Amino acid sequence: MSAATSALPVSWPELFPGTLVRRYRRFLADVELMTGGMVTAHCPNSGRMLQCSEPGRPVYLSLSQNPARKCAHTWELIEMPSSLVVVNTLRANALAKAAATLGLVPELAGYPEVKSEVVTAPGTRIDLILEGGGRAPCMVEVKSSTYAVDGVAMFPDAVTSRGLKHLVELQAGLARGMRSVLLLLVQRMDARSFRPADGIDPLWGRELRKASAAGVEVLAYAAHVTLAGMTVAGRLPLDLS
């Protein structure tokens, strides 16, 4: 099916439906295609994918034209009972950049220049740097949340030393006179609020609260996800208690 549309800031390439057989070794998934045959797809998600990797669920894959890739297919979406879920975490960065450029997140609007994957310290990259408009530069780190329980979205779904490092760098940005934002994009439509997954990674939760108290702006936004693409749906209440 063709997924291209000009109405959404992030649109999928052509999607190929199938059924998830299993996800394994973190970055691999076996999928039975609706058209027949089994393929091994790349799974661009380093988390545990709690509650969004159940065998037997409908999934949607894209197909790379790069002949050098070991897995030609990429796992993009899974259909859960109450929502489509975007499992490809790279799509969150694409939506964040589009949202900043198009003014879909009011807190990030008003910067004429949006840079991606900027090195801010040795060994550290920040997802976005917003500049211009007579304002201090703004660092934006984007996190993709696919884990939700009873309407509460959470992050992370696995211990993340990299995520901890990003929180430290956001606080360092404040000390350098920059504005710092953690943008939590919930890539599913059945969440009503967000809170850190303290039961999974208490260190990240503590550092998040420390960063928030220091002045890092923590924003949680839901995405509206369809088989055509996704856009920003609206801000979610944030529970840091």
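Residues count as buried under 20% relative accessible area, exposed over 50% and partly exposed in between (1.4 Å probe, protein chains only). The views below show a predicted model, in which local features need pLDDT of at least 70 and side-chain atom pairs count only at pLDDT 80 or more, while totals for chains, interfaces and linings use all residues. Residues are numbered from 1 along each chain as its sequence is written, and side-chain values use heavy atoms, leaving out hydrogens and water.

**View A. R25 has a positive phi in a loop.**
Most residues other than glycine have a negative phi. R25, which is not a glycine, has a positive phi of about 50 degrees. Its place is in the loop between β2 (16-24) and β3 (28-33); strands here are DSSP runs of E, at least two residues long, and helices are runs of H or I, at least four long, numbered from the N terminus. With a relative accessible area of 70%, R25 is exposed.

**View B. Strands β8 and β9 form an antiparallel hairpin.**
Seven bridges join β8 (residues 113-121) to β9 (residues 124-131), and the two strands run antiparallel. Pairing requires at least two DSSP bridges between the strands. Follow the pair to V114, and you will find L130 of β9 standing opposite. Two residues lie between the strands of this hairpin, where G123 takes a positive phi near 80 degrees. E117 also deserves a glance: this residue lies in strand β8, and its phi is near 50 degrees, a positive value in a residue other than glycine. At 37% relative accessibility, E117 is partly exposed.

**View C. Seven strands make up an open sheet with mixed pairing.**
Reading across this sheet, the order is β1-β16-β15-β13-β10-β9-β8. Its edge strands are β1 (10-11) and β8, each pairing on one side only. Within the sheet, β13 (residues 179-186) and β15 (residues 217-225) run parallel and are joined by six bridges. A handy landmark for that pair is L185, whose bridge partner in β15 is Y221.

**View D. Three strands make up an open sheet with mixed pairing.**
Here the strand order is β11-β12-β14. The edges belong to β11 (147-149) and β14 (193-196), which each pair on one side only. Strands β11 and β12 run antiparallel and share three bridges. To find your place, look for Y147, which stands opposite M154 in β12.

**View E. A cis peptide bond joins F155 and P156.**
Most peptide bonds are trans. The bond between F155 and P156 is cis, with omega about -5 degrees. P156 is found in the loop that runs between β12 (152-155) and α2 (161-175).

Strand β10 gives the most, with five residues.

A disulfide would need a pair of cysteine sulfur atoms within 2.5 Å. The closest cysteine sulfur to that of C71 is in C43, 10 Å away, so this distance is too far for a bond. C71 is buried at 15% relative accessibility. C138 is buried too, at 0%.

**View H. L203 and S161 have C-alpha atoms separated by 9.0 Å.**
These two residues are 42 residues apart along the chain. L203 lies in helix α3 (residues 202-214). At 47% relative accessibility, L203 is partly exposed.
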